[in-house]
Amino acid sequence: MWPAFEFQEDRLILLDQRLLPFEEKYVVCSDYEEVAQAIEKMIIRGAPAIGLVAAYGVVLGLKKQANDCSLNEIMEMVIVRLSRTRPTARNLFWALERMKRVYEEVKKEGKERIIERLTQEARQLEVEDVATNKKIGELGASLIPQEATILTHCNAGELATAGYGTALGVIKWAWEQGKKIKVIAGETRPWLQGAKLTCWELRRARIPVTLITDNMAGWLMRNGEINLVITGADRIARNGDTANKIGTYSLAVLAKENKIPFYVAAPFSTIDLELKSGQEIVIEERAPDEVRKIGSSWITYPDIPVRNPAFDVTPASLITSIITEKGILEPPFESSIIRLSKD
Ligand code: MRU
């Protein structure tokens with residue numbers, strides 16, 4: 001089975017990413033509400049993966065249609081519920097829009113045919129995602145020197161996608177080309193995606209990885225220990241401003257100060273053409289206990305006031321290039337984004 005998720009007829013199987021790297025356990029979702037809750041609880045995460053499992057959530061929703069609901073009603077309910085799970089992830093809305101479009105095309109053709117077409121579309125999204133990531137990997141690897149120590153943040157790998165990954169896809173491609181790569185993974189508080197997921201993935205791929213806490217990056221950059229930074233993205237505005245895991249912005253500022261290239265790798269579908277700039281991106285704020293605790297252990301007073309934005313926005317001015325499957329975008333980003341959006 002593919003690491004992050006697998007759809008089988010009447011169920012969606014998810015690797016419970018909260019338990020990695022120590023336990024590989026799977027959670028089975030048999031209706032759309034279970035899928036929505038799995039996304040909210042971070043059993044599955046990463047913008048592209050969220051979009052793909054939501055697409056399968058739509059299929060499960062229609063399959064389990066309650067007797068007193070019309071297909072139109074259930075479709076509406078499912079889309080609304082799934083789109084309320086993680087507001088920043090552009091790919092969630094993009095995938096649901098694709099599912100909705102197919103539904104509109106075939107809604108008069110009878111339930112069986114509708115489910116068949118929606119299942120095909122969800123599978124198609126999954127296949128496309130892997131191909132997209134491989135293209136991002138191939139194009140992005142041209143930016144990686146023959147020998148490089150690369151800092152990455154959060155997890156933008158196969159666990160966050162249908163396979164191969166975006167930022168980690170670039171690293172994997174360069175590694176497969178025989179380049180001498182070392183990765184530095186930032187731990188990524190509060191959920192520790194770097195420590196738990198990126199380390200798990202890179203160990204499996206046998207790519208050397210060293211873990212640091214988030215506050216160590218600046219010092220390593222200043223000491224010349226990092227050659228470039230590469231991250232994924234959750235939503236990119238038309239001008240190139242990029243929302244990604246909280247802490248990304250600080251790394252971009254540090255990279256600029258230390259004259260280190262800062263790359264973003266993401267499918268073109270992460271770009272939200274309707275947003276003029278990052279100021280319009282909705283940033284998810286999560287539960288305060290995620291900051292008050294590490295795992296199940298309290299690290300402070302249970303009533304201490306907390307802020308917990310899950311993402312931040314890196315201004316386009318701090319980004320060297322955005323690597324997409326359609327090409328590598330250079331600043332100023334807006335004109336190349338508009339041009340490639342027409343391809
Ligand atoms: O909160 P998460 O784990 O869903 O955040 C994930 C990220 O920020 C990733 O970097 C981003 O979604 C890109 S994944 C290919």
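## Domain separation

The C-alpha centres of domain 1 and domain 2 are 25 Å apart. Domain 1 covers 5-134 and domain 2 covers 139-341, with bounds from an automatic or database domain assignment. The contact (heavy atoms within 4.5 Å) takes 31 residues from domain 1 and 33 residues from domain 2.

This is a predicted model, in which local features need pLDDT of at least 70 and side-chain atom pairs count only at pLDDT 80 or more, while totals for chains, interfaces and linings use all residues. Residues are numbered from 1 along each chain as its sequence is written, and side-chain values use heavy atoms, with hydrogens and water left out.

## Buried area and polar pairs

Between them, domain 1 and domain 2 bury about 2,700 Å² (accessible area, 1.4 Å probe, lost on being put together and summed over both). Carbon and sulfur atoms account for 57% of this area.

The interface of domain 1 and domain 2 has 1 salt bridge, defined as a side-chain nitrogen of Lys or Arg within 4 Å of a carboxyl oxygen of Asp or Glu. Glu-284 forms a salt bridge with Arg-86, with 2.7 Å between the closest N and O atoms.

## The domain 1 side

Helix 2 (47-63), helix 4 (90-106) and helix 5 (111-141) each supply at least two residues of the side of domain 1 that touches domain 2; helices are DSSP runs (H or I, at least four residues), numbered from the N terminus. Helix 5 gives the largest share, 6 residues.

By residue class, this side of domain 1 has 14 nonpolar, 7 polar and 10 charged residues. Here Ala, Val, Leu, Ile, Met, Phe, Trp, Tyr, Cys and Pro count as nonpolar, Asp, Glu, Lys and Arg as charged, and the others, Gly among them, as polar.

Methods: Buried area = accessible area lost by both parts, 1.4 Å probe.
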